[in-house]
Amino acid sequence: MGMTYEELSVYGRLRKIFRCGPISMFKNLCYRWGAKLTPQEVADKVKHFFKYYSINRHKMTVLTPSYHAESYSPEDNRFDLRQFLYNARWPYQFRKIDDLVRELDGDRVHLGESSELDKLRDASQGGGGMGVVAAGSGNPNVGL
């Protein structure tokens, strides 16, 4: 599909756990991947993901029951009430992403200390945490 498994993991967690749409995912990934990629490159990756996500989303709604050890898994029809038929062109969202890219003028935007993939690697190696923090989501551990 033109994406690495690491990228798919980041996209999947942002989409399912943090319920990010195309625009919020673009903003989050610009924040996380800004040191390595230009906003245009991030926009292309996000558009590519959402194109294939919307084409194949309906396939994720019917699965056999299975054991789920974490909140991110292929079966999302039990607790996920999002629609499963999408317009694969995402006209409003992709136009808004293009506007944001023009505002940023193709400059690299890095607002975070480390990349998202580094944080996921740390979490998978016992570093703790949820792996990703969506833009505007705050600290999920505060108030517990």
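This is a predicted model: local features need pLDDT of at least 70, side-chain atom pairs count only at pLDDT 80 or more; totals for chains, interfaces and linings use all residues.
The protein chain has 144 residues. Its secondary structure comprises 5 helices and 0 strands. Read from the N terminus, the order of elements is α-α-α-α-α. Buried residues make up 38% of the chain. The accessible surface amounts to about 8,900 Å². Carbon and sulfur atoms account for 56% of that surface. Contacts between residues at least 6 apart in sequence were also examined. Of these, 72% link residues at least 24 apart.

Helix 1 spans residues 5–16, and helix 2 spans residues 22–33. The two pack at an angle of about 135 degrees. Their axes lie 11 Å apart. Angles over 145 degrees would count as roughly antiparallel. The crossing of helix 1 past helix 2 is right-handed. On the side of helix 1, the contact is formed by E7, V10, Y11, L14 and R15. Helix 2 contributes M25, N28, L29 and W33. By class, the residues of this contact are 6 nonpolar, 1 polar and 2 charged.

Helix 2 also packs against helix 4, which covers residues 91–104. Here the angle is about 30 degrees, and the axes are 9 Å apart. Angles under 35 degrees count as roughly parallel, so helix 2 and helix 4 are described as roughly parallel to each other. P22, I23, F26 and K27 of helix 2 take part in the contact. Their partners in helix 4 are Y92, Q93, F94, K96, I97, L100 and V101. This contact of helix 2 with helix 4 holds 8 nonpolar, 1 polar and 2 charged residues.

Helix 4 has a further packing partner in helix 3, residues 39–56. Helix 3 and helix 4 meet at an angle of about 170 degrees, with 9 Å between their axes. That angle is over 145 degrees, so the two helices are roughly antiparallel to each other. From helix 3, the contact involves P39, Q40, A43, V46, K47 and F50. From helix 4, it involves F94, I97, D98, V101 and L104. The contact of helix 3 with helix 4 is made up of 8 nonpolar, 1 polar and 2 charged residues.

The loop between helix 3 and helix 4 contains Y86. Y86 has a relative accessibility of 17%, and so counts as buried. Beyond its neighbours within four places in sequence, Y86 contacts R15, Y53, S54 and R57. R15 also belongs to the contact of helix 1 with helix 2. Y86 and S54 are separated by 32 residues in sequence. In space, their C-alpha atoms are 5.3 Å apart.

Backbone geometry picks out two loop residues. Most residues other than glycine have a negative phi. W90 is not a glycine, yet its phi is positive, near 45 degrees. Like Y86, W90 sits in the loop between helix 3 and helix 4. W90 counts as buried because its relative accessibility is 7%. R19, also not a glycine, has a positive phi of about 55 degrees. R19 is located in the loop between helix 1 and helix 2.

Notes: Residues are numbered from 1 along each chain as its sequence is written. Side-chain values use heavy atoms; hydrogens and water are left out. Axes are lines fitted to C-alpha atoms, for helices over the stretch in contact, and angles run from 0 to 180 degrees between N-to-C directions. Helices (H or I, at least four residues) and strands (E, at least two) are DSSP runs, numbered from the N terminus. A crossing is left-handed if the near helix is turned anticlockwise from the far one by less than a right angle, and right-handed if clockwise. Contact means heavy atoms within 4.5 Å. Ala, Val, Leu, Ile, Met, Phe, Trp, Tyr, Cys and Pro count as nonpolar, Asp, Glu, Lys and Arg as charged, and the others, Gly among them, as polar. Buried means under 20% relative accessible area, exposed over 50%, partly exposed in between (1.4 Å probe, protein chains only). Accessible areas come from the Shrake-Rupley method with a 1.4 Å probe; for residues, only the protein chains shown count as cover. Angles under 35 degrees count as roughly parallel, over 145 as roughly antiparallel, 65 to 115 as roughly perpendicular and the rest as oblique.
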